[in-house]
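Reader: I would like a close look at one part of this chain. Keep it brisk, and give the cut-offs as you go.

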Amino acid sequence: MVLHTSEFDSPFLGRLHTGAWALIFPCYWSINHLASLFIATDDELANREEDPCYEHFLQLSFLVPFYLALSLLTAPLALLGFVVWAPLQGRRHPYVYSCSPDTGRHFVPWKHPRVGRSFIVATANLCLLPECAARYNNLRRTQWRAREIGHRVASSQTSPKINIVVESPSEEQSDSGVGVRRDVDSFDSRVSSLPSASQSGNVHAVQLHAEPSCSRHEPNVQGSTNSQGSSVPNAHGSNVAFSLCSDSRRPAPVMCNGFIPGAHAGNKMIHIKRLPALDGASPPPLSDSAAPPAPQDQSDTSTEGTLSPVSPSSTLEYMTACSSLYHTACSTLDSGIAVMDGRHDAPPPPRPGVAHDVAVVFPYQLDFLCLQEVFDKRAGDRLARQLHRWFGYVVRDVGNHSLARNCFVLNSGLLFASRYPILDVAFKHFPEKAKEEYLACKGLLMAKVLLGTTKEQQRIVGYVANTHLQATEGDDQVRLQQLGHIPTWLEEFRQDTWQSNDPPDLVMFDLLCGDFNFNNLRSDHRDLWSHPLFDLYTDPCRTAPGEDKPWTVGTLLKQENMHYKEVNYPEGLERILRDDTMRGLYVYDDETDVGTAAADMAGKHRIDYTMYREGSLSNNCVLKPEEVMFTTQLAALTDHVPVSLRFSAGQKMA
């Protein structure tokens, strides 16, 4: 299958299409802005209260005649351009694939599938509609929002600063088993102050920064530290050393006790409950001046990215707990950083359950991004340019234009970005639609990505699908028919792209993401959430059909309230999503059209899914979900809450 890097195979048709659109655009632009003048968003209305009463009247008096005259003058040219543009859509490719020239530093090919590797996939509905249509959703400035969204996502990946704060629990907390608490600092601000050892003897602050070099650290029995590593005292007064070494996918994270200057756009702080002292004594404070014990020789070989209790007298329980502490911290960085060429041990045993969190920034080392409602072509191009700072491969402008499919108005709105090379892409549009959905070419976007190649030249691949179902309320039968197409199309795509040569492709994961426009709680959605598709794909946020896990939150914001000062910035929205009482004021409930939901169901209208399929993996391959994260980084830029899934994949020992 050939990837289409341009809209047309023929350069002549491409230039003809560009010229036809140049004739259409002035009329389209003027009508779009003319209609926008009469659709005000809530934040605009709030700003007008502070302006003189005559200012808006003067703006309308000047702009309305200007846009109206421009649209009338350019209408004949637009009609001529449409006569040329419309027939060309039958020859246009259903998507445009772009590749960043500098992608080698963003990932390392997977060579040893028996060594487990973690991946992160995220999905988000961006509501990047033409300006007048976006204002109906209480959003404006589509072109600016497209660039800002791409900038925020890319900056959270290219310039991370992660702060880990390890907290020793009090005696009461130890007895009650208080869980891990995570606070996330602002996406574009710095952590101004952290608890120091001099302030408290049971709080130890450790900061991680991206630096261009890395050295391996050998674990030792007494604990060690150096210029690129840090050690934390354990309950016995020994040191528990964090040593992390990155592969060449990114600058290596370096841990130190103090602040390392540098501009970092993405900030994250993780509070991890420290283990209680085995002998009842409080851990000693962290001291920069304290000389570490002399390292002892070891006969075994160090493994990168390990955290080891270093006292030989430590009990088995303490060693197990320290290992759990390490995996909790390391999962936020990248659980795959320990992958080394030539290492053939089995992946670590999966931990029970799925972790969950509400965070301000997107998780670091984001591998795949599935976006919906990127309808505006110019906005999609702006967004793709920003995403290419991190994602080397992007599929955008997805959809076919025709009178029957979308009345030549909007494409599918789907966009897929990947750090790994894309091998094959296919798009299928939904023939069923209703109401205003006739103006869009919604469907299913399917992609096959190359993760690496084994020494036997066997390709290691994964499948990712992105979709957006019927959006209007009360059209459950349309959504039900659209769901019925998805399993068939996915199986056809897999058969069409399957490499049957010897050796065959090694499939490590099969993902399905998107905006499904129904939740798993409403009784009148029974036919939808009991669809056989959910027997094939597993939703990690779902306990059973009709029942979500208690920690899930809704992903559709109430448009009339999303510009309130409590939720129009990432940290504020994060606090609201964590608050079971306040969340229902800003996030739709599960019973949006029936009545007020129960208190424990407030703000639970979750319609954005990230799912995986285990039955489609190759023999001896295992996929394990690790963490589900709801991200608030796009607050006030869209009316949806992005959802991400971290999962591990690997091949079992034969």
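In which strand does Ala426 lie?

Author: Ala426 lies in β14, residues 422-429. Helices and strands here are DSSP runs (H or I, at least four residues, for helices; E, at least two, for strands), numbered from the N terminus.

First, the ground rules. The model is predicted: local features need pLDDT of at least 70, side-chain atom pairs count only at pLDDT 80 or more, and totals for chains, interfaces and linings use all residues. Residues are numbered from 1 along each chain as its sequence is written, and side-chain values use heavy atoms, with hydrogens and water left out.

Now the residue itself. Ala426 is buried, with a relative accessible area of 16%. Buried means under 20% relative accessible area, exposed means over 50%, and partly exposed is in between (1.4 Å probe, protein chains only). Set aside the neighbours of Ala426 within four places in sequence. Ala426 is then in contact with Leu444, Leu445, Met446 and Phe493. Contact means heavy atoms within 4.5 Å. Thr497 is 71 residues away from Ala426 along the chain, yet their C-alpha atoms are separated by 9.9 Å.

Among contacts between residues at least 6 apart, 80% join residues at least 24 apart. Buried residues make up 56% of the 654 residues. The secondary structure comes to 13 helices and 22 strands.

Next, the sheet. Its order is β1-β12-β13-β11-β2-β22-β21-β10, an open arrangement of 8 strands with mixed pairing. Two strands pair if DSSP finds at least two bridges between them. The edges are β1 (96-99) and β10 (355-359), each pairing on one side only. Direction ignored, neighbouring strands are turned by 20 degrees against each other on average.

Take β13 in this sheet. β11 joins β13 through 4 bridges, and the two run antiparallel. Leu371 has Leu415 as its bridge partner in β13. β12 (residues 393-396) joins β13 (residues 415-418) through 3 bridges, again antiparallel. Tyr393 stands opposite Ser418. Val395 stands opposite Phe416.

Helices cover this sheet. α5 packs on it and touches β2 (117-128) and β11 (368-374); the direction of α5 makes about 165 degrees with that of β2. α8 packs on it too, touching β2, β11, β12 and β13, and the direction of α8 makes about 165 degrees with that of β11. Axes are lines fitted to C-alpha atoms, for helices over the stretch in contact, and angles run from 0 to 180 degrees between N-to-C directions.

Which way do the side chains go? In a regular strand they alternate between the two faces of the sheet. In β13, Leu415 and Ala417 point one way, Phe416 and Ser418 the other way, and all are buried.

The two helices also meet each other. Two packed helices are described by the angle between their axes and the distance between the axes. For α5 (residues 142-158) and α8 (residues 377-387), the angle is about 20 degrees and the axes are 8 Å apart. They are therefore roughly parallel to each other. The cut-offs are under 35 degrees for roughly parallel, over 145 for roughly antiparallel, 65 to 115 for roughly perpendicular, and oblique for the rest.

The residues α5 brings to this contact include Ala146, Ile149, Val153 and Ala154; those from α8 include Ala379, Leu383 and Leu387. The contact residues divide into 7 nonpolar, 5 polar and 3 charged. Ala, Val, Leu, Ile, Met, Phe, Trp, Tyr, Cys and Pro count as nonpolar, Asp, Glu, Lys and Arg as charged, and the others, Gly among them, as polar.

Last, two backbone points. Most residues other than glycine have a negative phi. Asn517 has a positive phi, near 60 degrees. Asn517 sits in the loop between β17 (506-515) and α10 (526-529), and is buried at 14% relative accessible area. Ala636 also has a positive phi, near 70 degrees. Its loop runs between β21 (621-631) and β22 (643-651). Ala636 counts as partly exposed, at 22% relative accessibility.
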